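Take a look at the model below. We will walk through it step by step, from the contact between chains to single residues.

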Amino acid sequence: MLLMIPTLFGAALLVFFLLRAIPGDVCEVRLAGTGLYVDEAEIELCREKLGLTKPLFVQFYNFVSGYFTWDLGESMWTGKDVTYEIAIRFKLSVQLAIMATLVAVILAIPLGAISAIKQDTWVDYTVRTFSIAGIAMPSFWLGIIIILGLLIGSQKFFGDPWMPPIYYVSPFEDFWGNMSQLIWPAVATGYRYSAVVARMTRSALLEVLREDYIRTARAKGMVEKIIINRHALKNSMLPVLTIIGIEFAFLIGGLVVTEQVFNLNGLGRLFVESVGAQDFNLTQQLVMLVVVAAVLTNLVVDLVYAWLDPRIRYG
Amino acid sequence: MASVNTTTLSAVEDIPRKHWFVSFGQLCRQQPLGAAGGLIVLVMLLATVFANVLSPYDPEAASFEHMLVPPSADFWFGTDAFGRDILTRIIYGARTALFVGFTAAFVGATAGLVLGVASAYYGGLFDLIFQRVVDVVMAFPLIVLALAIVATLGASTVNVIIAITIPFIPQCARVVRSSALAIREIPYVDAARALGFGHARIILRHMVPNVMAPYLIMLTTFVGHAILLEASLSYLGLGVQEPTPAWGLMLQGGAEEFAESAPWVPIFPGLAITLAVFGFNLFGDALRDILDPRLRSR
């Protein structure tokens with residue numbers, strides 16, 4: 001638990017200096033990016049206003065101490081609070097991450113289980129091919145193909161080309177509107193995610209099925225269905241849970257490319273934009289958000305582990 | 001004495017030597033998916049070597065009389081908005097993908113190998129600090145770290161390779177370290193130390209060869225990962241730059257535009273990425289099953 005602190009501190013250090021190693025900064029991008037002649041003094045003034053002229057260690061101190069006073073600073077590009085910029089996009093990204101996880105779990109666990117039970121038959125080979133293809137397929141390409149299919153399909157059948165809506169509405173206001181926007185990116189990312197989970201389910205279940213107590217259960221004539229559902233599947237869920245946890249934490253930031261394809265205004269897109277604008281403050285806060293999410297998920301997974309498996313105790 | 005020697009020699013020769021063709025057939029039977037993956041990789045390698053023989057077109061030169069031609073006998077996969085043949089760009093794009101993939105995977109896995117073994121061998125403070133560094137780097141999603149590095153260095157093919165390599169190093173180091181920890185406990189390492197061998201020699205000659213199995217497995221999976229990552233970065237405009245042919249770059253542009261004008265433009269490069277990564281993954285899986293059945297996770 002306390003080991004989280006050096007990790008987070010190291011991550012903060014890494015991202016802080018990585019960003020400052022870039023030649024150029026937000027002021028140059030904003031002023032020189034217009035292509036007009038800009039006075040060097042004007043850029044300098046802008047830097048001063050944003051605190052970029054302060055010594056690096058002072059900047060770093062401000063960055064880290066911001067976490068203790070809950071003052072994350074402002075976006076250097078828009079001038080609004082970082083917390084505000086994140087808050088307006090947070091809902092979309094989290095909802096998308098949850099939906100992708102649901103898609104993945106619903107697809108993956110039955111598929112992985114079937115593939116393990118029917119090991120080395122054509123069913124197994126089909127599922128394995130399906131899941132390796134899922135890992136191989138870039139999710140942004142799957143997204144493009146889905147939109148392409150929707151556009152061409154809707155034109156053919158309804159006469160009008162139809163696109164998923166671009167603006168986010170809360171699912172509590174307009175459930176179907178929300179779903180019609182987010183289900184497609186959820187499928188596009190969920191497929192890859194499900195592939196990872198299905199592979200894990202398969203290998204974990206295969207391992208458990210070789211255990212002695214499964215042989216005992218079979219020998220005493222227990223129905224195969226109960227053996228699989230109660231004895232084997234439950235015990236094989238631990239590693240599957242870990243992989244779901246890891247993937248979920250990374251989804252929030254890892255949707256970077258998918259959000260671009262579907263024109264979604266989420267955290268991933270914000271990240272790409274802030275990197276492009278060299279908005280140091282926003283970029284480092286976003287990276288820290290993802291890192292904190294990853295570290296916390298690891299902690300939660302560890303705790304759930306101990307709860308599910310009484311043999312595991314943390315001293 | 002001499003007769004004994006000849007009999008033992010002939011006995012050795014009596015063991016039927018497996019022809020390479022026979023062992024290949026065995027591989028196909030035992031690991032059909034792996035053999036299929038190997039075939040895909042082989043076809044890709046051949047395509048990169050004979051790219052200029054395979055295609056009559058120039059992958060970079062624009063040709064305005066052939067803009068957005070649908071797939072036909074002349075242009076099998078059609079042409080893009082600059083009139084460039086898509087099949088040609090896919091074949092040349094395999095060069096870019098394999099170059100980035102192999103370089104990043106090899107450098108990343110090898111650096112990880114040496115660092116991982118050294119970390120296990122020295123133990124103590126070095127191990128502790130190195131593992132914390134690994135923790136930090138691994139807390140970043142791959143694409144986020146790669147994006148940040150590319151943003152720092154600027155977008156170009158070499159920088160993309162660097163950006164992909166750096167996140168690979170700790171991943172490989174962690175896996176290799178756990179195998180190396182077990183090897184360090186085997187008495188021959190103590191024996192080597194007792195004989196007065198230097199640290200570098202023990203690490204490189206005695207320990208590294210024994211962790212080749214996880215290293216090779218990581219290496220093949222990394223190639224697939226690297227190809228996918230390069231495609232993502234190029235798609236975002238932060239990777240390989242025009243006019244170099246790269247698969248991710250060919251997918252740039254909105255799906256809406258494609259649907260109206262040329263649906264064939266995004267389909268084929270994406271298939272190429274999928275097929276290539278698919279091939280490397282199948283091959284890596286088979287390799288894992290052959291080399292180390294215990295590592296069957298993920």
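How many residues does the contact take from chain A and from chain B? Chain A supplies 45 residues, and chain B supplies 37 residues. Keep in mind that this is a predicted model.

Stay on the side of chain A that touches chain B. Several helices of chain A give two or more residues to it, including helix 1 (4-20), helix 8 (175-209) and helix 14 (280-308). Helix 7 of chain A gives the most, with 8 residues. What kinds of residues make up this side? They divide into 37 nonpolar, 6 polar and 2 charged.

Now turn to chain B. Chain B has 14 helices and 0 strands. Along the sequence, its pattern reads α-α-α-α-α-α-α-α-α-α-α-α-α-α. Of its 298 residues, 46% count as buried. Look at its contacts with a separation of 6 or more: residues 24 or more positions apart account for 72% of them.

Next, pick out two helices of this chain. Two packed helices are described by the angle between their axes and the distance between the axes. The axes of helix 5 (residues 86-122) of chain B and helix 6 (residues 124-138) of chain B come within 7 Å. They cross at roughly 140 degrees. That angle makes helix 5 of chain B oblique to helix 6 of chain B. Which residues meet here? From helix 5 of chain B come B:Leu115, B:Ser119 and B:Tyr122. They meet B:Gly124, B:Phe126, B:Asp127, B:Phe130 and B:Gln131 in helix 6 of chain B. The residues of this contact divide into 4 nonpolar, 3 polar and 1 charged.

Helix 5 of chain B turns up again in the largest nonpolar core. This core has 164 residues. Helix 5 of chain B gives the most to this core, with 17 residues. The residues with the most contacts inside the core are A:Val197, B:Val117, B:Ala146 and B:Ile164. Take B:Ile164 from that list. Leaving out residues up to four places away in sequence, B:Ile164 touches B:Val100, B:Ala104, B:Ala146, B:Ala226, B:Leu229 and B:Glu230.

Finish with one residue of chain A. A:Val292 sits in helix 14 of chain A. Is A:Val292 buried, exposed or partly exposed? A:Val292 has 17 other C-beta atoms within 10 Å, so A:Val292 is partly exposed. A buried residue would need 20 or more, and an exposed one 12 or fewer. A:Tyr84 lies 208 residues from A:Val292 along the chain, and their C-alpha atoms are separated by 18 Å.

Conventions:
Residues are numbered from 1 along each chain as its sequence is written. Chains are lettered from A and ligands numbered from 1 in the order in which they are written. This is a predicted model: local features need pLDDT of at least 70, side-chain atom pairs count only at pLDDT 80 or more; totals for chains, interfaces and linings use all residues. Two residues are in contact if their C-beta atoms, placed from the backbone, lie within 7 Å. Helices (H or I, at least four residues) and strands (E, at least two) are DSSP runs, numbered from the N terminus. Ala, Val, Leu, Ile, Met, Phe, Trp, Tyr, Cys and Pro count as nonpolar, Asp, Glu, Lys and Arg as charged, and the others, Gly among them, as polar. Axes are lines fitted to C-alpha atoms, for helices over the stretch in contact, and angles run from 0 to 180 degrees between N-to-C directions. Angles under 35 degrees count as roughly parallel, over 145 as roughly antiparallel, 65 to 115 as roughly perpendicular and the rest as oblique. A nonpolar core is a set of buried Ala, Val, Leu, Ile, Met, Phe, Trp, Tyr and Cys residues joined through C-beta atoms within 7 Å.
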